[in-house]
Amino acid sequence: MSNEKKKLVEIKNVSLTFNTGKNNAVKAIDNVSFDIYEGEVFGLVGESGSGKTTMGRTILKLYDFDSGEINFNNKSITNLKGKELKDFRKEAQMIFQDPQASLNGRMKVLDIIAEGIDIHNLASSKKERDEMVEKLLELVGLNKDHLTRYPHEFSGGQRQRIGIARALAVGPKFIVADEPISALDVSIQAQVVNLMKKLQHEQGLTYLFVAHDLSMVKYISDRIGVMHWGKMLEIGTSEDVYNNPIHPYTKSLLSAIPVTDPEIEKERTPLVYDPTAELDGQERTMHEITPGHFVLSTKEEAEQYRKERNI
Ligand SMILES: Nc1ncnc2c1ncn2[C@@H]1O[C@H](COP(=O)(O)OP(=O)(O)OP(=O)(O)O)[C@@H](O)[C@H]1O
Ligand SMILES: [Mg+2]
């Protein structure tokens, strides 16, 4: 067996512009390239408006992109249609930020979860359909008694479990989880992350896990990508990005995380990122500074980053 990890998703030089009325164009994704390996959790972080949701939705073929290429399982998603598109929709699912808004309030849990099973004709009888849904509920820590209830009868955490069961119902390979715990009480965020981690192992899933906050994705992610203004600024293992950030923006993101020790917190001055350097018109590409740790930079900046690390 080769050591090469298999690329499940390949994103190559993808750009996407939203045109909202005359003279109003937002480059939401700006020449972004990265791979998501089979079986990994790729955490995508960045502040509001950096393009994380757009990136996730683009990979799921919910938006058309202007240029570049996205391959899923070695096949371009651009021209998928008919049965191939339907198969892709089955393999690549989404979990949403707000389980309240993303579950149809007028449908019973049974029918919410069974929707994908019905669309893809995965059950041959009503009995089989019910059994599949029961199993899914069990998988996410809910039970049979919940089948005939409506979303409003559940807590936020339980609703997100329903959202997860719905995504798993069609047996996907890949899930885009767009800030799946941000809307939840802090006290139950860890439970939902742990559940997602457990399911990932059990079902051999691959996740793109979107979050604002690096500390939130550090625990669940194998690798992390940092986005800012539509660009991918840094990619590396979770440990590397968290412990040895290279890009000034990543450093500022990390320095914004409060420290629990009041003495240290008192003395701490968060780093302020100056984005003007990004606007100097110079061409920047991804440079590998240490093995597997990439940063968007000019050649000179890359040299400087290496020097700082004595490489
Ligand atoms: N459907 C849309 N139409 C027009 N502009 C959009 C659309 N969706 C996003 N944008 C714009 O694209 C940019 C990226 O937005 P996006 O929602 O991807 O960011 P985000 O990183 O997910 O932010 P947040 O953390 O707030 O969810 C923003 O400037 C946003 O206003
Ligand atoms: Mg978003």
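Residues are numbered from 1 along each chain as its sequence is written, while chains are lettered from A and ligands numbered from 1 in the order in which they are written. Because the model is predicted, local features need pLDDT of at least 70 and side-chain atom pairs count only at pLDDT 80 or more, whereas totals for chains, interfaces and linings use all residues; side-chain values use heavy atoms, with hydrogens and water left out.

Of the 15 residues around ligand 1, those that come nearest are Ser48, Gly49, Lys52, Thr53 and Thr54; a residue is near a molecule if one of its heavy atoms lies within 4 Å of it. Oxygen atoms of ligand 1 are approached by a backbone N or O atom of Gly49 at 2.8 Å, by a polar side-chain atom of Thr53 at 2.8 Å and by a polar side-chain atom of Thr54 at 2.5 Å. Taken alone, ligand 1 exposes 630 Å², of which the protein buries 66% (Shrake-Rupley method, 1.4 Å probe). Helices (H or I, at least four residues) and strands (E, at least two) are DSSP runs, numbered from the N terminus.

Helix 10 (residues 248-255) is largely enclosed by the rest of the structure, because six of its eight residues are buried, buried meaning under 20% relative accessible area, exposed over 50%, and partly exposed in between (1.4 Å probe, protein chains only). The buried residues are Tyr249, Thr250, Ser252, Leu253, Leu254 and Ser255. Their cover includes strand 3 (41-45), helix 8 (214-218), strand 9 (223-228), strand 10 (231-237) and helix 9 (238-243).

Arg129 lies in helix 5 (residues 126-139) and counts as buried because its relative accessibility is 14%. Residues up to four places away in sequence aside, Arg129 touches Leu110, Asp111, Ala114, Asp118 and Ala123, a contact meaning heavy atoms within 4.5 Å. Lys144, by contrast, is placed in the loop between helix 5 and helix 6 (156-168) and counts as exposed at 55% relative accessibility.

Note on methods. Polar contact = N/O pair within 3.5 Å; in protein donor to acceptor, adjacent residues only side chain to side chain.
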